[in-house]
There are 2 protein chains.
Amino acid sequence: MSEDAGRTFYGRYIDCLNARDWGRLGLFVDPEVVHNGRPLGLAGYRAMLEQNVADIPDLRFEVVRLVVALPDLVSRLRFDCRPCGQFLGLPVNGRRVIFHEHAFYRLRDGKIGQVWSILDKDAIKATLRTSP
Amino acid sequence: MSEDAGRTFYGRYIDCLNARDWGRLGLFVDPEVVHNGRPLGLAGYRAMLEQNVADIPDLRFEVVRLVVALPDLVSRLRFDCRPCGQFLGLPVNGRRVIFHEHAFYRLRDGKIGQVWSILDKDAIKATLRTSP
């Protein structure tokens, strides 16, 4: 896979998430995927995403930076959304929050095999402080 | 700068931080550096690092993943340290904490011109819960 193909692959993966097209997730994610050290596998990874969408009905993944050096991709994602109820243990309750995620992906056989991700939870707290 | 040179450059930058060799910081950091949207400049960036070391005397930057596609570098850093007093608003008070940082760097004229960084603050909280 060339670097351009890596970018295209990642763009299609993000499109799949934004379309909630879970039946196609296996085109992008390895059956044995590991997320932050947890061996979720494809089914567990899908369950995690489905839970995210249940918690955040208007969840939309927006890639604002993407660095590709295969087999590695790293993405800075931006979220602008209104989580229902609690989100990451914070009482968001439908208020608008804006935050980022930095996710490292290691590809295996052309699919996402490992993910290391950190969310900017402090940004959510700061948003909530200014939006009582 | 080749990709290998980018890796070498970043390794020397991390060595500079771990040596607290602030007088050499300008070899790696652009005079107009911007950190998480804040135009710190070299002096402000150095002040931030000096404050970090004041808060965490045993601070050591350990690179556990590095993805290089110049002019971009992205690093997953691991910290295993004992912050004094409060750290990130948490009452650490010298207890051992282990956490990660995901930092995107954009080089400009061969030096760090922009940084976008997220810390895994939840990992620190989890450590504190298990280390009363």
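**From one buried aspartate to the interface**

Leaving out residues up to four places away in sequence, Asp30(A) touches Leu42(A), Arg108(A), Lys111(A), Ile112(A) and Gly113(A); contact means heavy atoms within 4.5 Å. This is a predicted model, in which local features need pLDDT of at least 70, side-chain atom pairs count only at pLDDT 80 or more, and totals for chains, interfaces and linings use all residues. Residues are numbered from 1 along each chain as its sequence is written, chains are lettered from A in the order in which they are written, and side-chain values use heavy atoms, without hydrogens and water.

Asp30(A) sits in strand 1 (residues 29–35) of chain A. Helices (H or I, at least four residues) and strands (E, at least two) are DSSP runs, numbered from the N terminus. Asp30(A) counts as buried because its relative accessibility is 9%; the limit is under 20% relative accessible area, with a 1.4 Å probe and protein chains only. A polar atom of the Asp30(A) side chain lies 2.7 Å from the backbone nitrogen of Glu32(A).

Now turn to chain B. The largest nonpolar core has 37 residues, and Tyr13(B), Tyr45(B) and Tyr105(B) touch the most other members. Such a core is a set of buried Ala, Val, Leu, Ile, Met, Phe, Trp, Tyr and Cys residues joined through side-chain atoms within 4.5 Å. Helix 1 of chain B gives the largest share of this core, six residues. Beyond its neighbours within four places in sequence, Tyr13(B) is in contact with Leu25(B), Phe28(B), Val29(B), Tyr45(B), Tyr105(B) and Ile112(B). Another core lies apart, with 36 residues, among them Leu49(A), Ile56(A), Leu77(A) and Phe99(A).

The two chains also meet. 21 residues of chain A are in contact with 21 residues of chain B. Together the chains bury about 1,900 Å², 68% of it on carbon and sulfur atoms. Buried area is the accessible area (1.4 Å probe) that two parts lose on being put together, summed over both. In chain A, Arg65(A), Phe104(A) and Ile118(A) lose the most area to chain B, together 35% of what that side buries.

The rule finds four salt bridges across the interface, each a side-chain nitrogen of Lys or Arg within 4 Å of a carboxyl oxygen of Asp or Glu. Lys121(A) forms a salt bridge with Asp122(B), with the closest N and O atoms 3.3 Å apart. On the side of chain A that touches chain B, strand 6 of chain A supplies the largest share, five residues.

Note on methods. Buried means under 20% relative accessible area, exposed over 50%, partly exposed in between (1.4 Å probe, protein chains only). A polar contact is a pair of N or O atoms within 3.5 Å; within protein, one must be able to donate a hydrogen and the other to accept it, and residues adjacent in sequence count only if both atoms are side-chain atoms.
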